[in-house]
Amino acid sequence: MGEGAQTKSTLVLHDLPALQAADLLPGDSASFAVFSALPAVHYCMGCFGCWLRTPGTCVLKDRGSEFAGLFSRHENFYVVSRLVFGGLSPDVKAVLDRSIGILLPFFRTTHKEMHHGLRYDKRPDFHYLFYGDATEQEVATARKLVRANMINFEPENYSVDFYGSPQEAVGALP
Amino acid sequence: MKITIINGSPKARGSASELIIKAFQSKLGPNAECTVCHAALWAGPKVVETATMSDAIVLVFPLYVDSIPSHLLRLLDTQGGALSAAAPGAKVYAVVNNGFYEGRQNAVALEILRNFCARYGLTWGQGLGVGAGGVITAVPMDSWPLRPLDKALDDFADAVAKGAIGEDVFITSNLPRFVYQLSAHSEWRKLAKKHGLTTKQLYQRPAK
């Protein structure tokens, strides 16, 4: 972790059980916001309401709709997730699926591929901290997934790291 | 042969996944005994019970953030062991569709499914990655823009019926890329208007 990260505002999305999170994570402050993926938020219904009804905000009425609004307010975004088949855990994935309002419905071309436009000019750097047992193949898949995500969300910088336990992953936070 | 199809769209009806499933089923021979489960509407144990002793499990779903929609991922995460025990000989196949033009953008989601199979001792059969998914709900399956999908589903149904294992296949629409993009943008504007919004309002930034 670079020293610069210490002074930047940080947003953490994690899937740790409440008691473990209380033990391991600092509380919210002006420069450090924590969003728990537990209890699980409702899954994305694929309605495109976040693009066409209330642009930028999910229309479902639970706390999962609050997450998209946090992105552009922070300089560093950390995802602490159990590695599941080489991807994010279902709980973390549910929050991200509900947050595609940070993108626009309209397409752009980047990396010679079609992708959604970016709603915000200011975007945090992304840091993926995966934890749990992992095969070599799952690690390779996760790297590909992160690269694909980064083409979509287009942060200036990103990183991906793997840890044996949630404690180790949280230990890597600024 | 027993085939369990899992619809992984969050939509109860009218999804591209549903249309793909219907087209796929129509291409299977008379010996195929198919059941369609809906991952968003069915409890996990009911899906497992339905899949008992299946020869093939076919997942059909939309790409969400480069991966599997969370409700389907949860089903695989919580029921993977039970599914493997209930249908130990099953081969797993998947059709993933995304709204971008390139079918290849579904490759990571298919890789995640291969990892799922490896975790639970299931055999991976084949994946089909479909681009330009917006076309699927817009025109009939047998029309020119969807001919590549129709043809790919012929081969895919043949592979599933034979229990074949193959390389993943990636396709897109016959529509040129710029036509697909213009049509999609026009559709977004039309839908925005329907919801009482101007095109400019679609760009609003609620987070300051």
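**Close-up views of pockets, a cavity and aromatic contacts**

**View 1. Lining of the second largest pocket, by residue class.** Six charged, three polar and four nonpolar residues make up the lining of the second largest pocket. The model shown is predicted. The space in this pocket comes to about 290 Å³. The lining counts 13 residues, and the closest to the pocket centre are Glu113(A) and Ala148(A) from one chain and Arg104(B), Gln105(B) and Val108(B) from the other.

**View 2. Elements around the second largest pocket.** Chain A gives two or more residues each from strand S5 (113–118) and helix H5 (136–153). Which element gives the largest share of the lining? H5(A) does, with four residues.

**View 3. The largest cavity.** Rolling a probe the size of a water molecule over the atoms shows where empty space is left. Here the count is one cavity of 30 Å³ or more. The largest cavity has a volume of about 80 Å³. Its lining includes Phe71(A), Phe126(A) and Phe153(A), along with Ile102(A), Leu103(A) and Leu118(A). Ser72(A), Tyr120(A), Lys122(A), Arg123(A) and Pro124(A) also line the cavity. By class, eight lining residues are nonpolar, one is polar and two are charged.

**View 4. An edge-to-face pair in chain A.** Over all chains, the whole structure holds 22 aromatic pairs. One of them joins Phe71(A) and Phe77(A), edge-to-face, with 4.9 Å centre to centre and 65° between the planes. Are these two residues buried or exposed? Both Phe71(A) and Phe77(A) are buried.

**View 5. A stacked pair across two strands.** Phe130(A) and Phe162(A) are stacked, with ring centres 5.5 Å apart and planes at 15°. Phe130(A) belongs to strand S6 (residues 125–131) and Phe162(A) to strand S7 (residues 158–163), so the pair ties together parts of chain A that are 32 residues apart in sequence. Phe130(A) has 1% relative accessibility and therefore counts as buried, because buried means under 20%. Phe162(A), at 24%, counts as partly exposed.

**View 6. The aromatic cluster of chain A.** Which residues form one aromatic cluster? Phe35(A), Phe67(A), Phe71(A), Phe77(A), Phe126(A), Tyr128(A), Phe130(A), Phe153(A) and Phe162(A) do.

**View 7. A charge over a ring in chain B.** Lys46(B) lies over the face of Trp42(B). The distance from the ring centre is 4.1 Å.

Note on methods. Residues numbered from 1 in each chain as written. Chains lettered and ligands numbered in written order. Predicted model: local features only at pLDDT ≥ 70, side-chain atom pairs only at ≥ 80, totals over all residues. Heavy atoms only, no water. 1 Å grid on protein atoms, 1.4 Å probe; cavity = no way out; pocket = protein on both sides within 12 Å on 5 of 7 lines; lining within 4 Å. Points joined across faces, edges and corners; volume = space filled by probe spheres on them. Nonpolar A, V, L, I, M, F, W, Y, C, P; charged D, E, K, R; others polar. Phe/Tyr/Trp six-rings, centres within 6.5 Å; stacked < 30°, edge-to-face > 60°. Buried < 20%, exposed > 50% of the residue type's maximum accessible area, 1.4 Å probe, protein only. Lys NZ or Arg CZ within 6 Å of the ring centre and 35° of its normal.
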